[in-house]
Amino acid sequence: MLDTLAPLEKPVNPGLRSGQMSVLAGLMDGDGLNEAETPEFNDQTIWMLAVRDKRDRSAFALLFDYFAPRLKAFVIRSGTSAGQAEEIVQDVMLTVWRKAALFDPHRSQTSAWIYQIARNRQIDLFRKNRRPVPEELDLDLSDEPDPSQIIAMEQEVGQLKDALARLKPNQREIIEQAYLGELTHQEISTQTGLPLGTIKSRIRLGLERLRHDLKGMR
Amino acid sequence: MTAITHHVPDALLANYAAGNLPYAFSLVVAAHISLCTECRAQLEAHHVVGGLMLENASKEDLSADLKNNVLAQLDDAVAPQEHYRRSGIYPGPVMEALKGKPPRWKSLGLGVRQSILSADHDSSLRLLYIPAGTAVPDHSHNGLELTLVLQGSFSDDTGRFGVGDLEVADQHLEHTPTADPGDACICLAATDSPLRFRSIVPRLLQPLFRI
Ligand SMILES: [Zn+2]
């Protein structure tokens with residue numbers, strides 16, 4: 001029962017790496033970013049942006065090497081036969097390539113984005129109706145990226161990752177099962193103690209960048 | 001337009017993210033998120049957790065040719081997936097359920113109309129059209145019922161529900177929703193059928209209502 005879990009402690013701020021410092025300092029000074037101050041995004045973000053913006057096949061190969069073996073284990077765990085698992089891995093990775101234009105690092109992480117593609121794909125295989133998904137928000141890729149938002153998003157995720165790592169193994173197991181779709185319901189609730197509030201606020205900021213698209217949605 | 005004030009409870013959202021909801025319920029949740037930045041952010045937060053689980057997953061060996069097969073397909077032409085956009089008051093997921101066509105309304109009397117979008121063993125989904133000032137007819141939901149307002153508004157003992165608002169009701173809620181004056185109220189409503197009542201409802205309600 002997750003509602004017996006103690007709430008997680010507030011994670012400590014891991015601090016900024018030097019490259020991030022220079023970016024933030026640059027932004028605070030009101031200077032534009034120059035080449036030397038390319039922000040230090042994490043590897044997955046860099047690969048994903050290279051795929052999205054440059055259709056970079058070697059970056060895609062790196063994404064494949066990282067995610068494909070994990071995806072295979074992940075979908076087998078959540079009830080797919082080993083035979084079908086590679087078919088799903090293939091579909092998911094091809095979707096990553098084909099739909100890369102929808103990836104928005106201001107509000108998402110590569111792994112989160114791929115997770116959602118994989119769950120959709122798996123569920124579609126079990127259902128006669130396609131899994132209903134929210135309307136996609138159109139990204140305007142000509143908009144200037146906001147490195148400080150992207151880095152802040154990565155930091156929030158880093159803190160959540162640390163918090164998860166501090167959970168007792170059985171608690172982490174329950175959360176894993178929940179997000180794999182192994183549990184049917186009762187344990188997934190706000191009572192997991194997962195500190196999602198700050199991440200949600202950060203994602204909201206990312207969504208507000210798209211406000212021009214969100215207008216008229218109400 | 002007033003802001004959305006009734007959102008998807010987080011337990012329901014977490015189950016949507018994990019893929020645990022019957023079709024009709026997940027369609028209502030997807031339609032609400034299409035209208036609601038707040039719930040979209042919360043859903044994407046759940047995806048972050050799912051993504052971290054993926055990063056932490058063990059690794060399974062791949063067939064030797066899988067990577068090359070995938071790389072070889074990057075340039076393949078793919079038939080574009082049918083993609084339904086919002087049309088008028090109907091968000092994309094509702095247009096998908098309507099297969100892009102306008103609703104086929106059937107009269108229920110007193111000016112009330114319905115259009116059934118799906119009905120299967122574990123859930124049913126329909127659009128309801130309720131003229132201003134009219135009460136929703138006895139719609140006897142045995143289990144969980146989700147109602148999303150798409151046009152106009154309705155009120156019941158628990159409050160007022162305008163465009164984008166989601167009402168979550170269980171069989172214990174005695175309510176008589178009545179369409180407010182103004183535009184006719186059009187809602188998207190999902191219920192679970194009696195067949196699945198025993199299995200799905202207690203699970204869905206436990207975290208929501210602390211049974
Ligand atoms: Zn909402």
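Ala, Val, Leu, Ile, Met, Phe, Trp, Tyr, Cys and Pro count here as nonpolar, Asp, Glu, Lys and Arg as charged, and the others, Gly among them, as polar. This is a predicted model: local features need pLDDT of at least 70, side-chain atom pairs count only at pLDDT 80 or more, and totals for chains, interfaces and linings use all residues. Residues are numbered from 1 along each chain as its sequence is written, and chains are lettered from A in the order in which they are written.

**Cavity and pocket**

On a 1 Å grid over the protein atoms alone, a cavity is a set of points where a 1.4 Å probe fits but cannot get out, and a pocket is an open set with protein on both sides within 12 Å along at least five of seven lines; lining residues have an atom within 4 Å of a point. A volume is the space filled by probe spheres set on the points.

The whole structure holds two cavities of 30 Å³ or more. A:I123, A:R127, A:R131, B:Y16, B:G19, B:L21 and B:S26 line the second largest cavity.

| Space | Volume | Lining by class |
|---|---|---|
| Second largest cavity | about 40 Å³ | three nonpolar, two polar, two charged residues |
| Largest pocket | about 1,300 Å³ | 16 nonpolar, eight polar, 16 charged residues |

Of the 40 residues lining the largest pocket, A:T95, A:K99, A:N120, A:E136 and B:Q81 are the closest to its centre.

**Helix packing**

Helix α8 (residues 197-208) of chain A packs on helix α3 (residues 37-56) of chain B at about 120 degrees, with axes 8 Å apart. Helices are DSSP runs (H or I, at least four residues), numbered from the N terminus.

Definitions and conventions
Side-chain values use heavy atoms; hydrogens and water are left out. Axes are lines fitted to C-alpha atoms, for helices over the stretch in contact, and angles run from 0 to 180 degrees between N-to-C directions. Helices (H or I, at least four residues) and strands (E, at least two) are DSSP runs, numbered from the N terminus.
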